[in-house]
Every structure is written in structure tokens, then in C-alpha cells.
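The tour goes from one selection to the next.

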Amino acid sequence: MKFQFFLLVCNPVGNTEKIQQKNVIAVIPARLFSTRLPNKLLLPLNGKPLILHTLEQAKKAKNISRVIVATDSKEILKIIEASGNEAVLTDENHQSGSDRIAEVAENLPENSIIVNVQGDEPLIPPATIESAVEAILLDKTIDIATTCEPIHEIADVLSSDVVKVVTDKNDFALYFSRSPIPFPRETVKKYGSLQNALQAEKDLLKLYRKHTGLYVYRREFLLKFTKFAQTSLEKTEFLEQLRALENGARIKVVEVNESSIGVDTQEDFERVKNIIEDREPQEPRKDLKYRWANAGDLSEITDVYVLSSQKSYNGLLPKKYLDELAEVKNIKDIRKGLFDKLFDNNYQIFVAENFEGKIVGFADVEIKPNNTGYNAQLYSIYILTEFQRQGIGKEFFKLIANELRLKQINSMFLIALEISPFRKFYEKLGGEILGWSELKLGEQDFKTLVFGWKDLSNL
């Protein structure tokens, strides 16, 4: 199910600019459960959950003055409130984002305007939100405003996951479909299939528009809409907006140039993650202390390992495996393994602690030549998610490189999961992929990659 957020513009009369500046409320429905990518709204992006990125994009829109997250999850509620933003716990039995927002809209002023955008789009451009709001403010006959963007790839025309929209000459929606609409019959006859036609005549792509999922409702229409029975077209296409069309709604479609990415799959998440990391470079922490670990640190080190693993690999590794990390037996085994190695002269653990003396990250390394000629193994770097992408990982690399070079060791290797969210970090630091193997975690096998650094002086 999609997660959506909604903006509420009260009393859309008089001076539009004044309304946009002072009377806009955003409500973001945030349901924890998701089918294809479990708990996706909590997946970490640049050190904070995905849902916070969506919230921040909404706050950047010039016609937003307040944002509220409506959720069925106490965990999401705590995260939003801890960030200094507003959140409300709503009924967990809502079947859609529209229903969840309607619960909030019941208590909002009459004649409000409600803007709804997919909540799992952390890259949603603020300008897109502004354009949709402006359209409905300028025309009182519009029941819903929504957005679309040009389609540039043949695969998107053919994909049932990409919703297409066609409009009349005044840009009001005629139909939404998962099928390719419009259908160029004569051209398809000429080339034998739609795919062949699109490949042969590139201008055909200009016929198609992707529906991007941003909605703007008048409050009263939203409350009626959520009480309408599902229609046959809605059930056939699995598109909620068809229920509105079948009930006579006037839906204005606004074309926008900036695109967004909805996070439905692991591949979507990785694309978004790479974009955000490129936009937001690491800022080094200057309030942390780095030192060698001692036996008294093992309890906190284990806590960092468990918490960081559970949050960083949420949705990537089996939930059962991550949950079991926190079991007493596993924690004791982890601590015993660290304790047994702690007094080995070839093994070293570094920790980073904040001004309160709390350990927020650790890294461990061992002088351990392998058959490829690399002389030390960096076992791991684990950092609490709220401290990630703040230069701590780079600092650990520098400390470890200096320590190894003092011992006349100038190369090291690291074994990491292929799906690791930190793979790009290793590559940026110059790690070369030397080979791969497999590792069993829980009941599943995962591919691992071996990264190598030939010359630690480069770090």
C-alpha cells in the first residue's frame, strides 16, 4: 500500500499568496506495514528514517506552514516527535491513506483544501506540491487536482506498475490506467506491436503521461469520496482515483517537469539512497572522542552492534534474524567472542564516544594475511544510525590505517554483504572488489564481496 501525505489549505478565498503563507497544514499518513519492502518508512537514508525526508520536503514547499504525521505506529510516532515535529496516532484499521487522512480532516475547518502526496517519496520536489495547490486555488470548479510528468522510457509505457493518464483539451482527466493509453492502433498495426512501434517512432512517447500520485482535494469532497462504495473500474485497475471519476469528479491534471521516485522495492530504495547521499555530503563530527576499547566497553559495543544492524539492515535481512540478534544468548555469544580476542596483540577495537561518554560506534581489525596478499582484515564498522554519515566511518578508516602502518602493515581487506547499505562508502574510499563468496544468515544465503585496499597510505 502507498503511504501518502496531505496538505490542508484553509479558507481558499481572497489573496492566494497570503493563504499559501499562513493557512496551509500538511498531514502525512504513515502506515508502518508495507508488502514489497517491509517497514520502508523507517529505512535509514543519510542517517535518518525515510519518512523524515518526505516530511522535510513537504515543509520546504512555500505554501506549507505546518506538517502533521498521521500514523498507526507508536514507533513512527516517537521518531517524529523526537525530531521536533508533530505526529498523531490514528486508527490502525484504515484501508488506505485517504481514509487515514479523512479521520484528520473531520476535525479541520470547513472549506479546507487537502493535498495528498505519496509518503514514500522522499525526493518529492516542493515545486510540484506548490503547482498542484495553486491549480485548485485558482479554479473553484475543481474537485481534485493531481500531477503528471512526461514518460521518457518505453519500459514505463509498457509497465503495469506505471499509471498513465489521458486528459481533455482543458487538462481534466478522462481516464487513468495501468495499460498504455492512448493506444496508437494504426501505428501498432504497421509495426506488429506497441513496443516495436515505440522503438521505430520515438515521437510516440510524447503521447504518454505518467500519473505521479500527488492529489489536492477540497475537504468536503474528500469526506464524501471516502464514503463512496468501490466501483467496478477501481476494482479492475486497482486505482482509487477511478472511483472519483465514476462519481463525476472534475480532476485537473497539472504537468510538472521535476520527477520523483516512489520507494516500493529494494531497487527503488538504493536509487533514492544514492541520490540523497550525493546531495548531502558527510559533515564530520567534532564533538567525538576516539580511543582503543577495553573490556569494560564490551556491553556498549554489543548494544551498538545490535541496534545498528537492526536499523541499517531493516528490510534487507530477514526480520527473524535481526530480531534474534537481541536475544540474551546471542548477546552473550557476541560479548564472549569479542572478549576472547580483545587481548590478542594482532586484534584491535576502536570506539567513538560522545561528550557524555556514550559509545556511538566501533570498528575492529586484525592482522590476518589472506591468500590474495592483503595483510589485515577490517571486520566491521558499526555506527548508531543517528550518527551515520557524519564522518565517523572515515575517521575509523584513518585510525585503523595509521595503526596498521605503525606495525608495518600497508594493506587490508573487508568482507561485506553485496546488499550492504555501506557498499558505496567502501567504494568511495578506494576499496577494490577482489572476489565474492556466500554467507548464511538465518535460513537464507547472501552474496558477500571482498573489498581490498593495497596501499593504506592513500587513506
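**Stop 1: the nonpolar cores**

This is a predicted model. Select Met412 and show what surrounds this residue. Leaving out residues up to four places away in sequence, Met412 touches Tyr374, Ala376, Leu378, Phe397, Ile400, Leu404, Phe451, Gly452, Trp453, Leu456 and Leu459. Met412 belongs to the largest nonpolar core, which has 55 residues. In soluble globular proteins, nonpolar side chains tend to be buried together.

**Stop 2**

Now select residues 359-367, which form strand β15. How many of its 9 residues are buried? The count is 9 of 9, so the strand is largely enclosed by the rest of the structure.

Next, colour β14 (residues 347-353), which pairs with β15 in the antiparallel sense over 7 bridges. Click on Tyr347 to find one of these bridges: its partner in β15 is Glu366. The hairpin of β14 and β15 has 5 residues between the strands, and Gly357 there takes a positive phi near 85°.

Then colour β16 (residues 376-383), which runs antiparallel to β15 and is joined to β15 by 7 bridges. Here Asp364 has Ser380 of β16 as its bridge partner.

**Stop 3: a loop residue**

Finally, select Asp297, in the loop between β13 (289-292) and α13 (298-312). Is Asp297 buried or exposed? Asp297 counts as buried because its relative accessibility is 6%, and the cut-off for buried is under 20%. Beyond its neighbours within four places in sequence, Asp297 is in contact with Arg291, Trp292 and Ile359.

Key. Residues are numbered from 1 along each chain as its sequence is written. This is a predicted model: local features need pLDDT of at least 70, side-chain atom pairs count only at pLDDT 80 or more; totals for chains, interfaces and linings use all residues. Side-chain values use heavy atoms; hydrogens and water are left out. Helices (H or I, at least four residues) and strands (E, at least two) are DSSP runs, numbered from the N terminus. Buried means under 20% relative accessible area, exposed over 50%, partly exposed in between (1.4 Å probe, protein chains only). Contact means heavy atoms within 4.5 Å. A nonpolar core is a set of buried Ala, Val, Leu, Ile, Met, Phe, Trp, Tyr and Cys residues joined through side-chain atoms within 4.5 Å. Two strands pair if DSSP finds at least two bridges between them.
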